[in-house]
Amino acid sequence: MTRENLTMTEQTRSGFVTFVGRPNVGKSTLTNALVGEKIAIISDKPQTTRRAIRGILNRPDGQLVIVDTPGIHKPRTLLGERLNDLVEQVLGDVDVIGFCVPATEKVGPGDRRIAASLDGYPRAKKVAIVTKTDAAGRDEITERLMEVDALREDWAAVIPLSALTRDQLDVLADEILLLMPQGPALYPEGVTTDESEEDRIAEIIREAALDGVRDELPHSIAVVVDDIAPREGTDLTDVHASIVVERDSQKVIIIGRKGARLRDVGARARAGVEELLGTRVFLGLHVKVAKEWQRDPKQLGRLGF
């Protein structure tokens with residue numbers, strides 16, 4: 001290693017950070033805002049995030065690898081158990097844990113339970129983050145900051161922010177980077193995620209399918225990309241994917257009256273896939289039933305869980 005490289009290593013920092021909290025506290029929105037690109041899908045449905053998705057933020061003084069994880073919840077299925085196991089695995093590996101609480105909701109038993117569980121990860125430094133400040137008044141934000149600050153004595157920082165308006169995002173990035181170990185970047189410059197094209201397309205389709213559904217259906221939806229291929233002699237890419245549900249009644253809901261809902265899902269998903277691929281896209285969607293897949297180890301394996 002040259003002296004020049006040694007100096008750069010000493011001056012720059014890099015490492016892994018993950019955000020934890022109850023479902024719907026704004027973890028995926030925060031990840032996307034920091035990366036500056038949509039790498040994690042967003043929905044108001046609990047447990048929307050199902051994988052550890054890595055987003056990369058490059059700064060002059062270092063690199064943050066942000067691992068977006070599912071919300072911690074009380075599992076009711078084998079899928080739920082595996083999602084919680086995934087969160088535990090990520091928490092054991094990262095350098096910094098950002099604990100998120102929305103400014104719009106009082107700190108509750110779920111928040112206290114998650115904050116206390118961070119004792120199990122002594123290696124990671126902890127930062128408390130009050131999210132969604134754009135939707136709260138000053139008094140509400142102050143009250144939330146005091147509640148969050150009281151949850152633990154070892155917060156390295158307590159930061160209020162809005163991912164939507166980007167208020168205080170740079171403050172958070174600066175604070176987290178200072179807590180990272182010194183060392184060179186872990187990913188090449190220009191890389192924003194290590195997610196495969198296929199996985200990103202599947203998530204775009206699932207996000208469109210989640211919009212407007214209710215009750216238990218969101219948990220029952222999975223998406224598998226069957227084929228991606230450029231159409232010869234054109235600027236068109238053919239993408240074929242399956243939306244997987246657990247029951248025939250759910251299939252009827254996804255397809256809708258005379259196929260209207262599935263066409264709407266396809267139109268919205270196609271726009272996102274075209275933006276990702278940079279070409280025109282023909283998107284063929286097929287709805288399949290895999291009985292009780294959330295509880296079936298073999299089905300979960302086939303669907304990548």
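**Whole chain.** Start with everything shown. This is a predicted model. Colour by secondary structure: the protein chain has 11 helices and nine strands. Now colour by burial. Of the 305 residues in the protein chain, 50% are buried.

**The largest nonpolar core.** Hide the surface. Select Phe19, Leu30, Leu34 and Leu172; of the 27 residues in the largest nonpolar core, these touch the most other members. Next, show the elements that give two or more residues to this core, among them strand S1 (13-20), helix H2 (27-35) and helix H6 (169-179). Which element gives the most to this core? H6 does, with six residues.

**Leucine 34.** Zoom in on Leu34 and display its neighbours. Leaving out residues up to four places away in sequence, Leu34 touches Phe19, Leu57, Ile66, Leu169, Leu172 and Ala173.

**The second core.** Now select Ala202, Ala208, Ile221 and Leu283. They are included in a second, separate core of 24 residues.

**Helices H9 and H10.** Select residues 248-255 for H9 and 260-277 for H10. The two helices pack at an angle of about 65°, and their axes are 5 Å apart. Show side chains at the contact: Ile253, Ile254 and Ile255 come from H9, while Ala260, Arg261 and Leu262 come from H10. By class, that makes five nonpolar residues, no polar ones and one charged.

**Aspartate 238.** Move to strand S8 (residues 236-245), where Asp238 lies. Is Asp238 buried or exposed? Asp238 counts as buried because its relative accessibility is 14%, and the cut-off for buried is under 20%. Draw a distance to Arg231: the side chains of Asp238 and Arg231 make a polar contact at 2.6 Å. Asp238 also touches Asp227, Ile228, Ala229 and Phe282, again leaving out residues up to four places away in sequence.

**Alanine 135.** Finish in the loop between S5 and helix H5 (138-149), and select Ala135. Ala135 counts as exposed because its relative accessibility is 51%, with the cut-off at over 50%.

Note on methods. Residues numbered from 1 in each chain as written. Predicted model: local features only at pLDDT ≥ 70, side-chain atom pairs only at ≥ 80, totals over all residues. Heavy atoms only, no water. Axes fitted to C-alpha atoms, helices over the stretch in contact; angles between N-to-C directions. Helix = DSSP H or I, 4+ residues; strand = E, 2+ residues; numbered from the N terminus. Contact = heavy atoms within 4.5 Å. Nonpolar A, V, L, I, M, F, W, Y, C, P; charged D, E, K, R; others polar. Buried < 20%, exposed > 50% of the residue type's maximum accessible area, 1.4 Å probe, protein only. Core = buried A, V, L, I, M, F, W, Y, C linked by side-chain atoms within 4.5 Å. Polar contact = N/O pair within 3.5 Å; in protein donor to acceptor, adjacent residues only side chain to side chain.
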